[in-house]
Every structure is written in structure tokens, then in C-alpha cells.
Amino acid sequence: MVKIMLTHPTTHSSTHPTTTWEYLTFQETLWHPDCGNYISFGIGVYQLYTQQRTFVSAIHDISLKEELVKNLTSLFNQLQLSPIHFPEVISDILSQSALEI
């Protein structure tokens, strides 16, 4: 089960400095009644604006595969994926992964 937390990013006019999105991978220990404790990886996104970092959203429990989540994080940073699309992209990726199993 993927848990999504989302706040609305602040929009700025073109006269302000550009907003940069920073995606970070995080690890967490979770518990499920069928398997007990397990380690999972998620992604958080932060807005970097005028030297301030503000939490925007996080998706927990994306995968047990750290390398997969780190690769996604790197891609999102490279593309500067808008947080508005973040949940949908993760959902699409997980749906595609499920079809390949």
C-alpha cells in the first residue's frame, strides 16, 4: 500500500527566482501483520526557493528495492518533475511494475 502526503506547492510569478524541486530517497522500517517488520523505501520532495527548503510531499513504502527508488529519485531531480505529477507518476510506475511480474 502506497501512502501519499501532499501539500500544495507555492507558485511564484516570473519576477521571482526559479523554484527548484529536490527529491530525496528515505528508508523506513514498517510493520505488516503478514510479514512483521520490513525495510521499505520512499521518496520525499522539497521546494528549494531563495535558499529555503520546504517539505512538499512524500510517498511512503514505494518499494523494497533501494536501487529502484534511488534511480527514480535521480530521474525526478534530473527532470525537475513537478510535485503536482509526483503521485500519478509513482502510481503509473508501480502499475507497470505489477504487470511485469
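**Questions on a predicted model**

Colleague: Why is Ile90 called buried?

Modeller: Its relative accessible area is 2%. Buried means under 20%, exposed over 50%, and partly exposed in between, with a 1.4 Å probe and protein chains only. So Ile90 is buried.

Colleague: What should I know about the model itself?

Modeller: This is a predicted model, where local features need pLDDT of at least 70, side-chain atom pairs count only at pLDDT 80 or more, and totals for chains, interfaces and linings use all residues. Residues are numbered from 1 along each chain as its sequence is written, and side-chain values use heavy atoms, leaving out hydrogens and water.

Colleague: Where is Ile90, and which residues does Ile90 touch?

Modeller: Ile90 is placed in helix α2 (residues 86-100). Helices are DSSP runs of H or I with at least four residues, strands are runs of E with at least two, and both are numbered from the N terminus. Leaving aside residues up to four places away in sequence, Ile90 touches Ile43, Ile59, Ile62, Leu72 and Phe76. Contact means heavy atoms within 4.5 Å.

Colleague: How many aromatic pairs does a search of the whole structure find?

Modeller: The search finds four. One of them joins Tyr23 and Phe76, edge-to-face, at 5.4 Å centre to centre and 65 degrees between the planes. Rings of Phe, Tyr and Trp (its six-membered ring) pair if their centres lie within 6.5 Å; planes under 30 degrees apart are stacked, over 60 edge-to-face, the rest tilted.

Colleague: What makes this pair tie together parts that are apart in sequence?

Modeller: Tyr23 lies in strand β2 (residues 20-32) and Phe76 in helix α1 (residues 66-79), so the pair ties together parts 53 residues apart in sequence. Both Tyr23 and Phe76 are buried.

Colleague: Why is the pair of Tyr46 and Phe55 called edge-to-face?

Modeller: The ring centres are 5.8 Å apart and the planes stand at 70 degrees, so the pair of Tyr46 and Phe55 is edge-to-face.

Colleague: Are Tyr46 and Phe55 buried, partly exposed or exposed?

Modeller: Tyr46 has a relative accessible area of 23%, so Tyr46 is partly exposed. Phe55 has 33%, so Phe55 is partly exposed too.

Colleague: How confident is the predictor?

Modeller: pLDDT is the predictor's confidence in each residue, from 0 to 100. The chain has a mean pLDDT of 87, and 79% of its residues reach 70 or more. Over residues 6-13, pLDDT stays under 50. Where pLDDT is low, the predicted coordinates should not be read in detail.
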